[in-house]
Amino acid sequence: MDMRFTPDELAFRDKVRAFLQADLDPDLARKVRLHQPLTKAEMEGWHAKLNAQGWLAGNWPTKFGGAGWTAIQRHIFEEESARAHAPRVVPFGIAMLGPVLQKFGSKEQQDHWLPRILNGDDWWCQGYSEPGAGSDLAGLRCRAERQGDHYVVNGQKTWTTLGQHANMIFCLVRTSTEGKKQEGISFLLIDMTTPGVTVRPIILLDGTAEVNEVFFDDVKVPVENLVGEENQGWTYAKYLLTHERTNIAGVGFATAALENLKRVAQAQVHRGRPLAQDPLFAAEIALVEIDLMAMSTTNLRMLSAAAQGQAPGIESSMLKIKGTQIRQRLDALTRRAYGGWAMALPASGNEGEPEEADEVLSATATWLNNRKLSIYGGSNEIQRSIIAGALAKG
Amino acid sequence: MDMRFTPDELAFRDKVRAFLQADLDPDLARKVRLHQPLTKAEMEGWHAKLNAQGWLAGNWPTKFGGAGWTAIQRHIFEEESARAHAPRVVPFGIAMLGPVLQKFGSKEQQDHWLPRILNGDDWWCQGYSEPGAGSDLAGLRCRAERQGDHYVVNGQKTWTTLGQHANMIFCLVRTSTEGKKQEGISFLLIDMTTPGVTVRPIILLDGTAEVNEVFFDDVKVPVENLVGEENQGWTYAKYLLTHERTNIAGVGFATAALENLKRVAQAQVHRGRPLAQDPLFAAEIALVEIDLMAMSTTNLRMLSAAAQGQAPGIESSMLKIKGTQIRQRLDALTRRAYGGWAMALPASGNEGEPEEADEVLSATATWLNNRKLSIYGGSNEIQRSIIAGALAKG
Amino acid sequence: MDFQLSDDHRMLQDSLRGILTRHSGDALWPALVEAGVPAALLTEDEGGFDGSGAAIALIFEEMGRAGVALPLTGTMIGAAAMAQAGRPAEDGAIVAFADAEPGTRYDRGVAIRAEGDRLTGRKTMIAGAEDATAIVVTTADALWLVQPGAEGLSMRGYPLIDGQRGADLELDATPALRLGGLADFGVVLSRGVLAHAALALGTITAAVDLTMDYLRTRKQFGQPLMSFQALAHRAADLAVEVEQARSAVVNLAGHLTDDTPLRDRHLQACKVTVGRVARLVAEEAIQLHGGIGMTEEYALAAMVRRLLAADAAMGDADWHLERFALGEPAWA
Amino acid sequence: MDFQLSDDHRMLQDSLRGILTRHSGDALWPALVEAGVPAALLTEDEGGFDGSGAAIALIFEEMGRAGVALPLTGTMIGAAAMAQAGRPAEDGAIVAFADAEPGTRYDRGVAIRAEGDRLTGRKTMIAGAEDATAIVVTTADALWLVQPGAEGLSMRGYPLIDGQRGADLELDATPALRLGGLADFGVVLSRGVLAHAALALGTITAAVDLTMDYLRTRKQFGQPLMSFQALAHRAADLAVEVEQARSAVVNLAGHLTDDTPLRDRHLQACKVTVGRVARLVAEEAIQLHGGIGMTEEYALAAMVRRLLAADAAMGDADWHLERFALGEPAWA
């Protein structure tokens, strides 16, 4: 047993740190730290910098233009990026679609779409969830009918994150209603500029517009945009969900949030001293910090086991639950550290925001926005059911 | 709205206090405070004192020899008794069987059994649970076959509290296997001195022997010991369970436990001061005290609504959950207040007990023993399901 | 012991529910004033006709349930404090209560100080300040009256999370009238706490009702959500906690005019219980709803923000827990 | 980064499991001594051959899983402390570690004090004291060596909740040898904490395995308990927490010889995490079992008591949380 990084891993970490130090704009980092929505240009700019470095797709094999990193390297990159408040790599093309195309796509699809993802030619979004389906993903009803050399798509997707910036969407659509509900699903790539596609933003309770509804009204999609085989989409979807779950613990994000919380607790005054010295508040911080210390190692243990070739099981579900619990507790403590001072939202800033608005008010906005963590990507209830299912088998 | 007791209620409280002051032996109260098992004679002695006062059966109408108290009076009596560390009235005859006989028993049964309960001629115990049935009470299998002027009982009961002292047991037995499982149950009174009855103690994890298994092997029970009608026992059982749930919140017990906890925290040393002054431990005590302050009023609100004739609904389930949570938290805090000093049990006392054994060691024993609170009398999971069932109806 | 509403209070509740059903937006405040609701918040001595804990609890619970966003709490505290100090506000006036400060959770006197009869410093998140005809300001140990147009006073308004308009105040040697010491206004300030707690209780009730309704009607995997036992048991736990919050409000209402420390202990216990239940309900209501619970257009969003605001008003659960645990008074 | 067992440690684990399967009761201790297990707990300098965090964690986790009740922790701490002080214990000796005191949770020096080279006062709940050939005693700031037959020393034995024999010590100007200051023995004492934490982890694992087995096989209302979603989700939460406890033990094992404050922080975090998970498992394992989980004849009873003991050994979760939060060292 050895808790230390290898010399190679340490050298890699230093390289990542040097890159972040040199290439990450402090103003951009500040926006990330305060959970302010980034513009499309800011996200694209960061992707371009990473791509120039060959680091945009850490999870892709080198033959597809990826960095081909080990799980530990990806972990180091993600943790360092989060701690430096670098923008998160938008996951839809890189982390989700890429692996699916690499595994199940045709040679033509790979040659066409993968370079465009790296170059930023396309902005992808995800068409999985539907209104009324909730956690029952396979119950989807958006349908695609084959008509000659194209499919005609009708229906609706929802919770489409950053769909307002996207020109392409990968969708799960129903191509058959026979058999089990999982068996009639196909995986389609749809150009969002096609007539009949409508995007409507959903405003969230923190005032941001990061998710959308996407409507399809007789949208024609060429058959060559079908990935893999018709009615086999559920297999690809599950594969994608597995890949979505790297970095599911969010150790880096939690570490950054903990540092921010400590900074706030140091600055806030309580009984004439820093709040950080209040025994009760200090104990609350300590409890979540201690939980994070353990989860960070749980995460590394699981990455290490995966690197040794052990089959992944319920680990990602465990990390999802614990990781989101920790982040939500950190968000709650930061909000509580500001107390009565954090009773407005950044969205109100355009009409006479209070002093220090962006620092203080990000606390409540972040708390509100991050309630999503335990809902999306398979709610924590779904994750518990997955774990329990494995436990039931013994 | 008025939070105060009426003058009549205050006078009643004073009378109860005066009685407890005069008639409760301090040594007995100390045993109760430390959760030490009482002897049969101690319990019978306390019953006799209450009976002499006419207070043994607060819940019985006066025409049956009860005190005929209001819900508020019963609450006052129970709270004052608990705070004075008086023994609890053994519930099986008074709180459980009595109301069933009064409602469903024949005139002969009432005339015969009720006075004997008050006088202490019989010690009753309860034959409800069976091994393998758990929370599924209606799934019971202990069967009674009618043979002429008697039933022949075969089967087993378990978790029979204080059954080792009892000469009589009231049992739910299966008299029919037709129809729904609830429909073939009868309510029988069985003399435990009948041949074929065997009692085996179950030692609990705190070392005490307060519950038992009771075995029936061709036990002959006269038909006149059937309460109500054959196969209607489930109705009587449910009625009994409702009555068992008065004082279900256990406010008095919790108040006594809180006072004990504060005493311990005041005596224990931490950083050269009383542990009670440690901010973290003080906050833990405060949290449960605050919860108790609210529950005490929840309890009174529900008693008051019942007194106004509002039909009882899910209130007793709510009080069961919150009441046991509070008591178990208090037990845990008391154990934690003693810390490394509470690592032995009173049961070990007979061979060289550590100093102050009965004070200190009762903490861990009480914690262990009171884990039962959230299991018996309908586990907290069953209570949640009852509440959820009501919520589902809206 | 009696937890029933009196006949007067039942009539008040009925009339209030009627007003809240019929009026909204800008029309609501005049309707409430016309119906005499502000007067029910003040004692006869203060120029009202009730001011009992029961009346305050009843009125603000209804406001919370209906989602009303009006500076009624500040007006009640401010008007009562002014009346107690012999300077009653005019009928129907809006009074702002400037309590929160930047740089601290809920401590007073961190960002503001008094020198003689002038105040210098900052106050923040003050509901109704822009419309107020008088502002009551807290410092470390006193209450002060400041006129909106006073010298050295500047104001910047913005929306608060509870749906009201708020403002930051900047005071630069602003003339102020000292109404008295904080502790002298213990009962008045405690009524303010009760108002916020009852407001929270109403919001809690509304959010839990909405959630239960959703669990009953929304289906997943072909079954109503309430038929999933893990969710059903969490719903049951919520129901238990709602009763605790209600009892905590009853306790403070019932002990509002008792002497300290009894009143203070019930006040702190009330804020702790209601604040913690409010947080729990905010989190669980969103989680049990799933994605829809995150959206602005669904009614829960505004309730969740009001729950956060109600916990925070005049000291949150953390702040009052510490004081309760240390045996400290509420107003000192 | 590597979390796998080394080949040596895998062999040690195999041999240990063999011994624990074949031997029990009085035969176990000699078998462990013969297999050299105590030596694996000490470094070469201390007369052993390993003493690494990994070895200690491995050995005590197995002991915990098997439910072994032997004074191995005290012997390890005592022997290592004596070796460090240049007074090695003989091979196979039992050393008692007298740490807990009456009248306090875990503070040291409350009930005992040193005057010159004599100790006066009390220690309590000392595992193995009756059989020990040497006793290592803590005071407020130091470690002392006391001989079992020393002047002024009296002892009264009784069973502990973890299944061992314990004793109270009464010292009346009892001669003692000062081994050194507490902080000088930071690594040795931290190994003791690691041992208790690993013991807890083994017990946690055993209790959770037993519970999962019960949920899978026991039926109620005709269905396995695990098919009731509310129970299944709680089982899932337990599984998550068990991984956290394991990671906390790994963290302390991996940082055992690091400098303070890094070692101390991992020590405190380990005690907090493992202690809290131990409590949760004790409560949930009983509750998920129902009545059978309360009975002495079922295997869970002994596990639950060992979980309480493991949390309490050398400071429980509460005690270490406070020190972590205040940034205090582990040994001072």
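A:Met168 is buried, with a relative accessible area of 3%, where buried means under 20% relative accessible area, exposed over 50% and partly exposed in between (1.4 Å probe, protein chains only). This is a predicted model, in which local features need pLDDT of at least 70 and side-chain atom pairs count only at pLDDT 80 or more, while totals for chains, interfaces and linings use all residues. Residues are numbered from 1 along each chain as its sequence is written, chains are lettered from A and ligands numbered from 1 in the order in which they are written, and side-chain values use heavy atoms, with hydrogens and water left out.

**Chain A**

A:Met168 sits in strand 4 (residues 168-174) of chain A; helices (H or I, at least four residues) and strands (E, at least two) are DSSP runs, numbered from the N terminus. Which residues does A:Met168 contact, leaving aside its neighbours within four places in sequence? They are A:Trp113, A:Asp122, A:Trp123, A:Trp124, A:Cys125, A:Leu189, A:Ile190, A:Asp191 and A:Met192, with contact meaning heavy atoms within 4.5 Å.

A:Asn231 lies in the loop between strand 8 (226-227) and helix 7 (233-244) of chain A. Its phi is near 70°, a positive value in a residue other than glycine. With 21% relative accessibility, A:Asn231 counts as partly exposed.

**Helix pairs in chains B and C**

Two packed helices are described by the angle between their axes and the distance between the axes. Here the axes are lines fitted to C-alpha atoms, for helices over the stretch in contact, and angles run from 0 to 180 degrees between N-to-C directions. Here are two such pairs side by side.

| Helix pair | Distance between axes | Angle |
|---|---|---|
| Helix 1 (residues 7-23) and helix 4 (residues 71-83) of chain B | within 10 Å | roughly 30° |
| Helix 4 (residues 53-66) and helix 7 (residues 229-254) of chain C | 8 Å | about 145° |

In chain B, helix 1 passes helix 4 in a right-handed crossing; a crossing is left-handed if the near helix is turned anticlockwise from the far one by less than a right angle, and right-handed if clockwise. Helix 1 of chain B brings B:Glu9, B:Phe12, B:Arg13, B:Val16, B:Arg17 and B:Leu20 to the contact, and helix 4 of chain B brings B:Ile72, B:Gln73, B:Ile76, B:Phe77, B:Glu80 and B:Ser81. By class, these residues are six nonpolar, two polar and four charged. For this count, Ala, Val, Leu, Ile, Met, Phe, Trp, Tyr, Cys and Pro are nonpolar, Asp, Glu, Lys and Arg are charged, and the others, Gly among them, are polar.

In chain C, helix 4 passes helix 7 in a right-handed crossing. C:Gly53, C:Ala54, C:Ala57, C:Glu61 and C:Arg65 of helix 4 meet C:Arg246, C:Val249 and C:Ala253 of helix 7. The classes in this contact are four nonpolar, one polar and three charged residues.

Does helix 6 (residues 186-217) of chain C lie buried or exposed? Of its 32 residues, 26 are buried, so helix 6 of chain C is largely enclosed by the rest of the structure. At 1.5 Å a residue, this helix should span 46 Å, and its end C-alpha atoms are 46 Å apart, which agrees; the expected span is 1.5 Å times one less than the number of residues.

Chain C is assigned domain 1 (7-66), domain 2 (86-175) and domain 3 (184-326). The C-alpha centres of domain 2 and domain 3 of chain C lie 27 Å apart, and their contact takes nine residues from domain 2 and 13 residues from domain 3.

The peptide bond from C:Thr260 to C:Pro261 is cis, with omega near 0°. C:Pro261 belongs to the loop between helix 7 and helix 8 (262-289) of chain C.

**Chain D**

D:Thr260 and D:Pro261 are joined by a cis peptide bond, with omega about 0°. D:Pro261 is in the loop between helix 7 and helix 8 (262-289) of chain D.

D:Arg234 is in helix 7 (residues 229-254) of chain D and is buried, with a relative accessible area of 19%. Leaving aside neighbours within four places in sequence, D:Arg234 contacts B:Glu381, B:Arg384, D:Glu284, D:Gln287 and D:Leu288.

D:Ala173, in strand 7 (residues 165-175) of chain D, has phi near 50°, a positive value in a residue other than glycine. D:Ala173 is partly exposed, with a relative accessible area of 27%.

Note on methods:
Domains from an automatic or database assignment.
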